[in-house]
Amino acid sequence: ATCLTAQLDGDVVGRPVRVNGKAVFAEAAVDLGGAQAALQALVTGEAAVGPTLAQAYFVAYAQTWCAKLLPQTERDLAQHGPHAPPQVRVHATVRNLAAFASAFQCKPGAPMAPIRRCKVW
């Protein structure tokens, strides 16, 4: 919980508005756990699963959160929760999945491949 909250506190949206990690933590944890479980279900039993299938999964996941928000709405979501703005929900989830970094060849320590990943469940 501390790890994910700290990551979320470091996220910025809009012109710049910091995300309130405590306010959006619960939904971010559910997003992360759900995405991890869905990816695992996708690749379980597939001997030759390569980055192409994983990339397709992550692109589809991100597209589900595609939205255009008014700046005030984005600020309110970021600061008061319980849901973070869509962009933050995507980033907070996929950056904590090693499969994402592997699928897109992110170097360790890159913004989407932090050295310290948060885990739930």
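**Close-up views of a predicted model**

**View 1. What covers helix α1.** The cover over the buried residues of α1 includes α2 and α5. Please keep in mind, here and in the views below, that this is a predicted model. The residues of α1 that are buried are Cys3, Leu4, Thr5, Gln7 and Leu8. Two of the views that follow take up the covering helices in turn.

**View 2. The crossing of α1 and α2.** Helix α1 (residues 2-9) and helix α2 (residues 21-43) have axes that come within 9 Å and cross at roughly 120°. The two helices are therefore oblique to each other, and their crossing is right-handed. On the α1 side, Leu4, Thr5, Leu8 and Asp9 make the contact, and on the α2 side it is made by Gly21, Lys22, Val24, Phe25, Ala28 and Ala29. Sorted by class, the residues of this contact are six nonpolar, two polar and two charged. Leu4, Thr5 and Leu8 are also among the buried residues of α1.

View 3. Helix α5 spans residues 86-94. Seven of its nine residues are buried, so α5 is largely enclosed by the rest of the structure. The buried residues are Pro86, Val88, Arg89, Val90, Ala92, Thr93 and Val94. Gln87, also in α5, is partly exposed because its relative accessible area is 46%, between the limits of 20% and 50%.

**View 4. Arg95, a charged residue under cover.** Arg95 sits in the loop between α5 and α6 (98-103). Is Arg95 buried or exposed? Its relative accessibility is 8%, which is under 20%, so Arg95 counts as buried. Leaving aside residues up to four places away in sequence, Arg95 touches Gln7, Leu8, Asp11, Pro111, Met112, Pro114 and Arg117. Of these, Gln7 and Leu8 bring us back to α1, where both are buried.

**View 5. An aromatic cluster.** Tyr57, Phe58, Tyr61, Phe100 and Phe104 come together in one aromatic cluster. The structure holds four aromatic pairs, and two of them are described here. Tyr57 and Phe58 pair edge-to-face, with 5.2 Å centre to centre and 75° between the planes. Both Tyr57 and Phe58 are buried. Phe100 and Phe104 form a tilted pair, at 5.0 Å centre to centre and 45° between the planes. Phe100 counts as buried because its relative accessibility is 13%, whereas Phe104, at 32%, counts as partly exposed.

**View 6. Backbone details worth a look.** Most residues other than glycine have a negative phi, and most peptide bonds are trans. Where does a cis peptide bond occur in this model? The bond that joins Gly81 and Pro82 is cis, with omega about 5°. Pro82 belongs to the loop between α4 (71-80) and α5. Gln105 has a positive phi, near 50°, and is found in the segment after α6. With a relative accessible area of 58%, Gln105 is exposed. Trp121 has a positive phi as well, near 55°, and its place is also in the segment after α6. Trp121 is exposed, at a relative accessible area of 78%.

Key: Residues numbered from 1 in each chain as written. Predicted model: local features only at pLDDT ≥ 70, side-chain atom pairs only at ≥ 80, totals over all residues. Heavy atoms only, no water. Phe/Tyr/Trp six-rings, centres within 6.5 Å; stacked < 30°, edge-to-face > 60°. Buried < 20%, exposed > 50% of the residue type's maximum accessible area, 1.4 Å probe, protein only. Axes fitted to C-alpha atoms, helices over the stretch in contact; angles between N-to-C directions. Helix = DSSP H or I, 4+ residues; strand = E, 2+ residues; numbered from the N terminus. Parallel < 35°, antiparallel > 145°, perpendicular 65-115°, else oblique. Left-handed = near helix turned anticlockwise from the far one by under 90°. Contact = heavy atoms within 4.5 Å. Nonpolar A, V, L, I, M, F, W, Y, C, P; charged D, E, K, R; others polar.
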